[in-house]
Amino acid sequence: MAETDWFNKPVENSRELILKEAFKLFLQRNVEKVTVPELERVTKLQRGAIFYHFKDKETIFKEVIAKYFFSPLNIFFPVIPDEAYSLQEYWNKKNEHLVKIQSWFDQEEILINPCSAFFHIAGQANLYVLDFKERMLAFIACDKKYWKLAAQMDKKVQNSKMDSLVCGFLFRSIYVEQYHTTCYYEKLHTFEYPYFLESIFAIKN
């Protein structure tokens, strides 16, 4: 599904409504802290209607992870470096993605910072979802690949002695580190491009 579809995706039926509203709750609280009465309140559905679609709350959580965690709504989502012909352009593209996520959080009235929210739900998924580690490692590998591709398209990298894999790794490391720092802000904000790293491109062949 295209990234834009996720940020404007309408809820088409009760099952989708339950998953979306449960996702919003799980972003903010542990699985055991999210109650059935809360699910009834946010979905405006009765218990019987909720559990007509799902066996139990843990099943809802697992389906939430499968549907929403590995989607463009996630801060960790690997953004394809299309039309990004330098590391700076790719950095800006990643920032544009973060702006969309924060806008979606605002639209859905989710008050927690998206970075804090996704670190939290990732920790919960690691406990409850058997294949989460494997899927998360694949997610990370894909992100690393895209940073490498962005580095390969950067003319400054091409003209330097730096390996594109190393450059992609350096820029990605700084970008990902800012996810952790941003957790302590009220809202997610775009990350400042590390111009100081461009000094490494000054070394010519």
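Modeller: Before we start, axes here are lines fitted to C-alpha atoms, for helices over the stretch in contact, and angles run from 0 to 180 degrees between N-to-C directions. Keep in mind that this is a predicted model.

Colleague: Okay, are α2 and α3 parallel, perpendicular or oblique to each other?

Modeller: Their axes lie 10 Å apart and the packing angle is about 120°. Perpendicular would need 65 to 115 degrees and antiparallel over 145. That rules both out, so α2 and α3 are oblique.

Colleague: And which residues of α3 make that contact with α2?

Modeller: The crossing of the two helices is right-handed. From α2, the contact uses L17, I18, E21, A22 and L25, and they meet α3 at E38, L39, V42 and T43.

Colleague: Why do the buried residues of α3 end up on the same side?

Modeller: Helix α3 spans residues 36-43, and its buried residues are V36, E38, L39 and T43. In an α-helix there are 3.6 residues a turn, so residues three or four places apart point the same way. What covers the buried residues of α3 includes α2, α4 (47-53) and α5 (57-69). They sit on the same side because they cover an arc of only 155° around the axis.

Colleague: What follows α3, and what is its phi like?

Modeller: Next comes K44. Its phi is positive, near 60°.

Technical notes. Residues are numbered from 1 along each chain as its sequence is written. This is a predicted model: local features need pLDDT of at least 70, side-chain atom pairs count only at pLDDT 80 or more; totals for chains, interfaces and linings use all residues. Side-chain values use heavy atoms; hydrogens and water are left out. Buried means under 20% relative accessible area, exposed over 50%, partly exposed in between (1.4 Å probe, protein chains only). Helices (H or I, at least four residues) and strands (E, at least two) are DSSP runs, numbered from the N terminus. The arc is that of the directions from the helix axis to the C-beta atoms. Contact means heavy atoms within 4.5 Å. Angles under 35 degrees count as roughly parallel, over 145 as roughly antiparallel, 65 to 115 as roughly perpendicular and the rest as oblique. A crossing is left-handed if the near helix is turned anticlockwise from the far one by less than a right angle, and right-handed if clockwise.
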